[in-house]
Amino acid sequence: MKHRPRPPLPAPFPSATVYVTTSRPRADWCPACKAYTAFVGDVLLLAEDGVSVVGTYTGCEICDDPDEGAPRA
Ligand SMILES: [Zn+2]
């Protein structure tokens, strides 16, 4: 008799407990820098019943760098 694979999160969670995490960002085109210095990634919601993508996050390693010029408004 084979063991069933355990779920990745065996501990019982309260139903309201979820975790938000982000995927590894992908390089993306930044129109301000005119280069592939931007990044985009998925915002993932980890809940009892699985993982769902709830949004995306974007940024630019040049535009978002506080050491490079004035911060964005
Ligand atoms: Zn940029």
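Of the contacts in the chain with a separation of 6 or more, 28% are between residues 24 or more positions apart. Bear in mind that this is a predicted model. The chain has four strands and zero helices, and reading along the sequence gives you β-β-β-β. Buried residues come to 3% of the 73 residues.

**The β3–β4 pair**
- Strand β3 covers residues 35-47, and it pairs with β4 in the antiparallel sense over 10 bridges.
- Getting from β3 to β4 takes a hairpin of two residues.
- For a handy landmark in this pairing, look at leucine 44, whose bridge partner in β4 is valine 53.
- Strand β4 spans residues 50-60, and it lies largely in the open because the number buried is one out of its 11 residues.

**A closer look at leucine 46**
- Leucine 46 sits in strand β3.
- Setting aside neighbours within four places in sequence, leucine 46 is in contact with Val18, Tyr19, Thr21 and Val51.
- Tyrosine 19 is 27 residues away from leucine 46 along the chain, yet their C-alpha atoms are separated by 4.9 Å.
- Val51, another of the contacts of leucine 46, falls in β4, which runs over residues 50-60.

Note on methods:
Residues are numbered from 1 along each chain as its sequence is written. This is a predicted model: local features need pLDDT of at least 70, side-chain atom pairs count only at pLDDT 80 or more; totals for chains, interfaces and linings use all residues. A residue is buried if 20 or more other C-beta atoms lie within 10 Å of its own, exposed if 12 or fewer, and partly exposed in between; C-beta atoms are placed from the backbone. Two strands pair if DSSP finds at least two bridges between them. Two residues are in contact if their C-beta atoms, placed from the backbone, lie within 7 Å.
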